[in-house]
Structure formats: C-alpha cells, structure tokens
Amino acid sequence: MKSQFYRLYLLSFAALIALVVTFGQLYNEVFNPSEATIELTPSQLSTLISSPREHSEAVDINDIALSPSLKNELLRVGLITVKREHNRYYYILSQDKRHIYMYGPLPNRDENNLNHHLIFIAFYALLGLAVLWVFWPLFKDLTKLQDGARTFSKTAKLPNLAINKHSSIYPLANTFAKMAERITRFVTLHNDLSRIISHEIRTPLSRIRFALSIQKNIAHKETLEQALDDIESRLEQYLSFARIENQRDSLPMTAEDLTPLIKQQIKDFEKFTSITFNCEITHSDVICEPKTLSIALQNMIGNACKYANSKITVSLTKQDNQFMLTVADDGAGLPQNATSLIEPFEQGRQENLASGYGLGLYIVKRIANWHHGDVKLVKNGRLGGAEITLFWPNSEK
C-alpha cells in the first residue's frame, strides 16, 4: 500500500504543479499581457540619470553582433536584456529601427532573485503539504482495511478496523465488516454442522457394527462390515475436508507416488460394481496433498459409476508442466448444463442424467483450487461418455 501511496502522491503533486504553471502562463498571456520594460532599482535609476552618457550608447543595428534569434526578438519587442558575467545590458530599438540604444553595465539584482527562489520553493512546499494532508488519512484508512482483509482471509476472524465515521472510505469499511460478519457466522454454522453430522452418523454406525459383532449367522457379513468401514472412512475424509476449508492457504504440498492411491480407490469401487476399470498412469510422482486428492478422486469415480455402461478409465499424466488426473466413462455423456455442474447442488437437466452431480464436482473444484488448479468437463472421444479432468501445476517449477 505504501508504494501505491507514493505513486499517487507524486502523480497528483506533479499534476498540480503542471496545472499551476499552465494556468499562470495562460493568465499572463491572455488576461495580463505585459509590455517590454526595463526593471531598475532606485539606486540603479539614480546612477543612470546622474551619468547617462556613461551607461548608454547609440550604435547602428548592424554593428551589434547578435544572434538571429536575439535580433528577431529585438525587432519584434523593441527591447532585450543581455547578461554578461555579473552585469546586465539593455538594448532598446530606436523608432526608426536603424539604431540601438545600449544601456549598461548595470549590476544584477541577485538578492531579489534569491527572494524569488525562496518564495517559489515555499509555495510548492506548501502545495506538497496540502496534497499530503488530503491523501495521507485516506491511505492510512485503506491500509487498515487492507490489513483487516488480509487477516480475515487467513484466520476467518472478524477484524477490528477502527476507521473513523468521517473517513471517505467508511461506507466501504462498514460494508466489508458486515460481509465479514456474515461469512464468520456461515463458517461457524458450517463447523457446527460438521460436528453434529459426525455425531449423528457415527452413533447409528456404532450400533450397526455392534449388532453385526454379536450375530454370527448373517449373510454377507464381511461385505456389510466392509461397507461400514468405507462409510466411516469417507466420513473422516469429509470431516477433514471441512476442517481444512479455512486453512487452504497453508495446504501442505508434498511429493507423492499416486499409483497406490489410485489403485486402492479403483479396488474399493470394484467391490460394488461390475464396471471394468482401466488404469493408465504415465507419470505417478506428483506434487500434491494426497488426502484431499483422494477425496476428489472418490467423487470423480463415484460420478462416473452412476452413468457408465461398462467401462471407466482413470489416468494420471503430466503435460506442459501440469499434472492431470482424468476419469472418463462410456455413458451418455454430459448434460446440457455441463458447465454449471461444478456449482454446489447443481444437477444435470437431461432425464438420463438427472441424478447426481450435486455436490461431488463442487468438492472436486474446491480441491483443485487448493492445488492452484482447475477442473475441466468434456466429452471423451474414445469412450464417448463424460470426461472429468482435475489439473494443477507442478509447484517445484
């Protein structure tokens, strides 16, 4: 914010100086045109009157060595001033414009020039202070607002802006404070709901697991126990998802081999479906956060299983220094509103794609954002169904 303040301050100060100088020149030229005059102090005038012959001389205009510009100025105005060393000489054109009266030498008025310079410096110093007086409180409040926004983005806690009601940016700060308060309430509600859901789901799961443990002759007991394990595992992962929502700026990125993770996810889905999975991994070592990426892959494969006819392909590649995790199926493809499916609770509008696509792709999108990447939905050219790609940059570059 300091650099912006200095830039705006210098720009405004330079603009005001240019405005003052331009106005002064226009005023002198248009409203107050001045005639050519000889400025003499009383002592110099007294000296000139007492001994005019010593200080004046009439010469022919052609006998004076003047540059073309000075000669033209003399013919136009009738008077020019020439400074030589510490003296001044006045050349005055006669009425017949053939002779020049030369007055001098007269000493320069250095003390008056010094006073003029001091007045000039004082004026622009006061102008600079006036600009500073206008801009400094504004940027001071903007700095407070910036610091409050930065703190809120990292901690999700309401900042204490302490901006005066008479400040120019008080309406903006007040709006930001109200927005931050609403977001804080939403985050608190989100965390409370996560804890409530965790308790309400775990309690019946514990009862089911206890019932299974005391019953010996239950068909598919192992399958049911595996399903309970999967539910509890996903519950833990989604609770982790909720916990790191407010810590996404500090998401720990590490180098990982995703081959075991991808194969494990495929293996888990193969237990409950007859779909054939094809795994294509050309670059397994990636920079990522494996827990959240596992949640994303679960949702991508889960959505594909809903619409696939018989085949799903899971691939992990690297292209243009980006990692690309792709899940494609041979189903009906994408619905009409495919581009909006990453929004929460958005579903497909075609009859055969009306279920699902509610929250899963939104979660994939959020995890992609945490990895500074994005999600792309297209139709797969090989299988003919939908293709969902999560891509993120190689952070080691």
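This is a predicted model: local features need pLDDT of at least 70, side-chain atom pairs count only at pLDDT 80 or more; totals for chains, interfaces and linings use all residues.
Let me begin with a definition: patches are made of residues with over 30% relative accessible area and no salt bridge, where like charges are joined within 9 Å and nonpolar side chains, meaning Val, Leu, Ile, Met, Phe, Trp and Tyr, within 5 Å. A salt bridge, in turn, is a side-chain nitrogen of Lys or Arg within 4 Å of a carboxyl oxygen of Asp or Glu, and accessible areas come from the Shrake-Rupley method with a 1.4 Å probe, with only the protein chains shown counting as cover for residues.

Residues are numbered from 1 along each chain as its sequence is written, and side-chain values use heavy atoms, with hydrogens and water left out.

I will take the chain as a whole before the details. Its secondary structure comes to ten helices and eleven strands, these being DSSP runs numbered from the N terminus, with helices (H or I) of at least four residues and strands (E) of at least two. Of the 397 residues in the chain, 36% are buried; buried here means under 20% relative accessible area, exposed means over 50%, and partly exposed lies in between, with a 1.4 Å probe and protein chains only. The accessible surface of the chain comes to about 25,400 Å², and carbon and sulfur atoms account for 56% of that surface. As for contacts (heavy atoms within 4.5 Å), if we take those in the chain between residues at least 6 apart in sequence, 60% join residues at least 24 apart.

Now to the patch itself. Which residues make the nonpolar surface patch? They are L189, L193, I196, I197, I201 and I231, and together they give a patch of about 500 Å². Helix α6, residues 170-214, gives the most to this nonpolar patch, with five residues. I201 is placed in helix α6, and this residue is partly exposed, with a relative accessible area of 32%.

Helix α9, residues 290-307, can be described in terms of both span and cover. From its first C-alpha to its last, this 18-residue helix reaches 26 Å, close to the 26 Å expected at 1.5 Å a residue, where the expected span is 1.5 Å times one less than the number of residues. Helix α9 is also mostly covered, since 14 of its 18 residues are buried.

Let me turn to the charged pairs, of which a search of the whole structure finds four salt bridges. I will go through some of them in turn.

In helix α4, residues 68-77, R76 and E73 lie three residues apart, about one turn of the helix, and their side chains meet in a salt bridge at 3.1 Å, N to O. R76 is exposed, with a relative accessible area of 62%, whereas E73, at 31%, counts as partly exposed.

The side chains of R382 and E280 also meet in a salt bridge, at 3.2 Å, N to O. R382 lies in the loop between β10 (374-379) and β11 (386-393) and E280 in strand β6 (residues 276-281), so the pair ties together parts that are 102 residues apart in sequence. R382 is exposed at 58% relative accessible area, while E280 is partly exposed at 27%.

In a further salt bridge, between K365 and D374, the closest N and O atoms are 2.5 Å apart.

Leaving aside neighbours within four places in sequence, N380 is in contact with A328, G385, A386 and E387.
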